[in-house]
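Here is a short briefing on one protein model. Start with a single side chain, then step back to the whole fold.

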Amino acid sequence: AGILKTVPKYCVAIFVKDFMEELLEKPAPDAPRSETRLRSAKKAVAAGVAGATITNPFDIIRNEMFKTDESLTAVCRRLCREQGVKWLWRGVDKNLISVAIPVAMTIYLTDFFTLLKHGQAF
């Protein structure tokens with residue numbers, strides 16, 4: 001169950017990180033190191049927030065299925081009937097803390113160690 005909860009978050013995060021890698025302007029070779037760090041932080045935060053928020057509804061469904069022994073479709077129907085679309089954001093604040101921060105730190109530190117490994121200053 002842990003893998004099914006964690007893997008989608010990291011897959012979304014890596015997709016967003018790669019997208020941001022293409023979207024953000026690369027610092028000039030003579031730019032201050034702070035520009036590289038800021039660019040890396042932007043990628044990491046966007047990826048962490050996306051991983052936490054996009055997969056939040058799946059966490060809710062999974063938890064409800066464990067609690068009630070209902071099928072996927074039964075859980076979705078019940079949640080929509082009882083809460084409308086509000087259930088999609090239920091618990092997202094906790095997810096942002098428990099998921100976005102560790103994912104963002106992982107991505108940021110990966111950038112740091114990758115640059116360090118290649119002898120580039122960070």
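R78 touches E64, T68 and E70, leaving aside residues up to four places away in sequence; contact means heavy atoms within 4.5 Å. This is a predicted model: local features need pLDDT of at least 70, side-chain atom pairs count only at pLDDT 80 or more, and totals for chains, interfaces and linings use all residues. Residues are numbered from 1 along each chain as its sequence is written, and side-chain values use heavy atoms, without hydrogens and water.

**R78**
- R78 sits in helix α4, residues 72–83.
- R78 counts as buried because its relative accessibility is 13%; buried means under 20% relative accessible area with a 1.4 Å probe, protein chains only.

**Fold**
- The protein has five helices and zero strands. Helices are DSSP runs of H or I with at least four residues, strands are E runs of at least two, and both are numbered from the N terminus.
- The order from the N terminus is α-α-α-α-α.
- Of the contacts between residues at least 6 apart in sequence, 68% join residues at least 24 apart.

**Dimensions**
- The C-alpha atoms fill a box of roughly 55 × 25 × 20 Å along the principal axes.

**Burial and surface**
- Buried residues are 32% of the 122 in the protein.

Key: Buried < 20%, exposed > 50% of the residue type's maximum accessible area, 1.4 Å probe, protein only.
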